[in-house]
Amino acid sequence: MSELAASIAGRLADVRGRIAAAAARAGRDAATVRLVAVSKTYSADHVRAAVAAGQHDFGENKVQEGLQKIAETTDSTIRWHVIGHLQSNKARKAAEAFHWIHAVDSVGLLMKIDEGAVAAGRRPRALVQVDLAGEATKFGASPDELPGIFARAADLHAVDLAGLMLLPPAVDDPNDARPWFRRLVALRDELLASGVPAARLGELSMGMSHDFEVAIEEGATIVRVGSAIFGERR
């Protein structure tokens, strides 16, 4: 085993252990948490090393970088997630190549993704990114826009709308992110109470390298972890 492969395998084992411990603290089964290894800026060699260590889900912020790595890892069975802001002109390409799209923030974008998925004969899963803090540097739908987005799910032909995604404000102490995670859970519950089908709200993508344990304690079903697996980005 190469030094790179050994390093990534060790970090993955550590992250999985931390996921299991956080799930146990919350009285949950660790199998209910999907780990997405965020491979943005890392090479295809890093991805292959993680695959060799048993990792299956990988996330990219940018469609173009993701497409390049998809082309370089066709010998592996990988579920690819695009987790960054998606411009409408990249919606078709994302629908053609990615299994999960995390950052739907408007009805228009959702319908463009659906059009691309229909044309490509694909059935990607999509999450609605929620903007709870109103930060100018981040994207996402406001809570008031969510009912309208989920109402259009009935018009989808190929996309499976599956839940919510959150990028909370940056904090030094992971526990300071806890109120944001709780707000997303409460928002999910409000949408359920309003009549949105549970199948469209089953996933909560929240938590990254510095706060994924807190996110799991608060109900995350997907965590997006990069540097804790691959090492510090250059």
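A residue is called buried when its relative accessible area is under 20%, exposed when over 50%, and partly exposed in between (1.4 Å probe, protein chains only). The model is predicted: local features need pLDDT of at least 70, side-chain atom pairs count only at pLDDT 80 or more, and totals for chains, interfaces and linings use all residues. Residues are numbered from 1 along each chain as its sequence is written, and side-chain values use heavy atoms, with hydrogens and water left out.

Start with helix α1, residues 3–25. Helices (H or I, at least four residues) and strands (E, at least two) are DSSP runs, numbered from the N terminus. The buried residues of α1 are A5, I8, L12, V15, I19, A22 and A23. An α-helix has 3.6 residues a turn, so residues three or four places apart point the same way. The buried residues of α1 pack against β1 (34–38), α2 (44–52), α8 (212–217), β8 (222–225) and α9 (227–230). Contact here means heavy atoms within 4.5 Å. After α1 comes G27, with a positive phi near 70 degrees.

Now look at the nonpolar cores. Each is a set of buried Ala, Val, Leu, Ile, Met, Phe, Trp, Tyr and Cys residues joined through side-chain atoms within 4.5 Å. The largest has 69 residues, and I113, L164, M206, V223 and I229 touch the most other members. Helix α1 gives the most to this core, with 7 residues. A second, separate core of 6 residues includes W100, L127, A162 and I222.

Finish at β8. I222 and R224 point one way, V223 and V225 the other, and all are buried. Strand β8 runs parallel to β1, joined to it by 4 bridges. A37 has V225 as its bridge partner in β8. Strands pair if DSSP finds at least two bridges between them.

Notes:
The expected span of a helix is 1.5 Å times one less than its number of residues.
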